[in-house]
Every structure is written in C-alpha cells, then in structure tokens.
2 protein chains.
Amino acid sequence: MNIGLLLFIPNRYVENRMLAAVVNAGFEVTQAQARVLMRVGPQGSRLTELAEAAQVTKQTAGFLVDQLEQAGYLERVPDPSDGRARLVRVTRKAMAAVPIANEEMARMEEEWEQHIGKRRMTQLREALEMLGEITDPYR
Amino acid sequence: MNIGLLLFIPNRYVENRMLAAVVNAGFEVTQAQARVLMRVGPQGSRLTELAEAAQVTKQTAGFLVDQLEQAGYLERVPDPSDGRARLVRVTRKAMAAVPIANEEMARMEEEWEQHIGKRRMTQLREALEMLGEITDPYR
DNA sequence: CTACTTTAATCAGAGGATCTGACTAAAACA
DNA sequence: TGTTTTAGTCAGATCCTCTGATTAAAGTAG
C-alpha cells in the first residue's frame, strides 16, 4: 500500500477528530479556519506568516482571518514595528479552545499507543520528524 | 510537535509531488480529480464505492467523475449485474498516467529511505499500517 | 404478485475555499 | 531621491463540497 495513502488516513482522522472536539464544545469554526487559527503565534502573527505556515496564498489567509475576526476569534492590531503590517492575534474567546484541542489530541495519542505500543509510537514520531526535515517547505 | 502536523507535512508533500509529476506529463487533472481517479478499480467501480473510498458524498464524486469523463480519463458503462448502477472505468488515455505516478512515488520513497534509513522506513510503514486499522473508516 | 423499503444515481441550489492578477501604501535600498 | 521590495487588500473566477429532493431499479415481506 502506497505510503501517501498510509499518511493520509491517520492525518484525516486527526483533523476530523480535533475539529469535532472543538466544534462540539461550541466553537463554530471550519476546517480551513482551524488550520489558520492554530498557527497564530502567542505574540500574534503577520498575515504573510500565516499564509506560509498554512500553505495558502495571502488572499486565502486574509479571507479566513476576516471570517475568524468577524466571529470574534481573532483580532488585528497595527504592527508597531512596520506601518504596512498588522498583527493577527488570538482573542481570549478563542484561547478557550486550545485546551480542548490539546486534550483531544492527547486522548487520541493514548489510543494509538494502546493499539500499536509505546515503542512503535516513538519510532513513528522519530521517523516523521526526520521526514519533516526534507518535506517541510517552511524551515 | 503534534502528531497531526507531523503526519500532515509529508502527506501534503506526497500529494503535491504526485500531482505535479502527472500534470507535468501533460495530464490535466486537479488534486480532487486525482483522488477519485486513483481509486477506480481495474474492473471499474461504482460511483458509490468511489465516493466512499475518496471520502466524499456521491454528489461530489459524481461531479468529479463528470469532469474526468469529459476530459476523456474515465468512461461510464452500464453495470450488467444491476440496472440502477453504472460502472466507472479508466480509459486507455488515463492508464498512461499510472506508471508516471508510480515512478514518482518510488522515487520519493527512495529519497526518504536515503534520508531516514531503511530500518526506520520499515518501522514507519508498519506503524502506519497498524494505525490504519483504527483510523480508516472504510474497512 | 403486490406493496413497502432500500439502494444507485442524478438534479438543483447553495456555500466555502482557493487561486490569479491588479492595486495601494509603507519600507528598504542604491 | 528614485527604484525596488514587501505587506496587505480588492476583484473576479473557479473549484470543491455539501444538503435536500427526485427517479428508477432491486430486494423483501406478506
């Protein structure tokens, strides 16, 4: 079985479960919005950075940030160090979603470890981290 | 680093490279079309099967098959065993893309093995296959 | 055999996500 | 100062995906 598909299946599973957990807790976000939201840094991020991190164009990132801003999950403030730029920041409202997502992630990892064993889980992580070195366009 | 993201990065990389290889060889397909196309079985598949395998609704699958049919990559023939159903089959034109995709995949896997080593590659595969058992909704 | 239920596929309509190209304004640089 | 780069936005188009309703064939229970 092709390794692309092998990677795709658990990846889709994680995305679905994370989103479901957050939506279930009352946060109304879509998959695409969530991908942007989770990439906003603690001190705020520029739109261009978000676009790169989420692998979309600036326009798409802007479109999604607009929606998240309107929903009250993000805010834009002027960037003091650059008059052209603005910093996108996570609001308190959105921060409440972070522990929910983290807990769901932890739960999932535990289930996985239960199924494939601690040793294989460590090996999986190691292999994926190394693959990131050659497949992640942003580093 | 969260395992969802760790899975996402190489997965995206595979999808991008596979699509690029095929497109580069003159096949004009999109990512979504490719996902459906690669799931058509050798004896043809029903639309409903394709929808399940590609994780989309029947309507979406139908929409994509329409496009692929129009482009000459797929054809629909009546299913002799069921008057309601039709079989979607890959045309000769599209079959020419298969070796191209396979070669690109093989090339990628070789590069990965080069980077992380044969042992880790085997472990990766094994762990992913086991994870599929609990994360693949279609089995 | 008839009536009900399920299944395969399509039609209609809508919303979401993404892109390319063109533009404005601020910053960096020569 | 004048040119080039960078951050972000506007406009328009396309692609992908969904929900809901419909048609027709197949399966099933009496």
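Gln55(B) is partly exposed, with 16 other C-beta atoms within 10 Å; by the cut-offs used here, a residue is buried if 20 or more other C-beta atoms lie within 10 Å of its own, exposed if 12 or fewer, and partly exposed in between, with C-beta atoms placed from the backbone. This is a predicted model, in which local features need pLDDT of at least 70, side-chain atom pairs count only at pLDDT 80 or more, and totals for chains, interfaces and linings use all residues. Residues are numbered from 1 along each chain as its sequence is written, while chains are lettered from A and ligands numbered from 1 in the order in which they are written.

Gln55(B) sits in the loop between α3 and α4 of chain B; helices (H or I, at least four residues) and strands (E, at least two) are DSSP runs, numbered from the N terminus. Its phi is positive, about 65°, although Gln55(B) is not a glycine. Most residues other than glycine have a negative phi. In chain A, Gln55(A) lies in the loop between α3 (47-54) and α4. Gln55(A) is not a glycine either, and has a positive phi of about 65°. For Gln55(A), 16 other C-beta atoms lie within 10 Å, so this residue counts as partly exposed.

Helix α4 of chain B contains Gln59(B). Gln59(B) is exposed, because it has 10 other C-beta atoms within 10 Å. From Leu47(B), Gln59(B) is 12 residues away in sequence and 9.2 Å away in space, C-alpha to C-alpha.

The next topic is the DNA. There are 22 residues around DNA strand C, of which Thr30(A), Thr57(A), Thr60(A), Gly83(A) and Ala85(B) come nearest; a residue is near a strand if its C-beta atom, placed from the backbone, lies within 6 Å of it. At least two residues of this surface come from each of α2 (31-37) and α4 (58-70) of chain A, and α3 (47-54) and α4 (58-70) of chain B. The most is given by α4(A), with 4 residues. By type, the surface near DNA strand C has 6 nonpolar, 10 polar and 6 charged residues. Here Ala, Val, Leu, Ile, Met, Phe, Trp, Tyr, Cys and Pro count as nonpolar, Asp, Glu, Lys and Arg as charged, and the others, Gly among them, as polar.

Between the two chains, 35 residues of chain A are in contact with 35 residues of chain B, contact meaning C-beta atoms, placed from the backbone, within 7 Å. On the chain A side, α1 (3-24), α6 (97-116) and α7 (118-135) each supply at least two residues. That side divides into 19 nonpolar, 8 polar and 8 charged residues.
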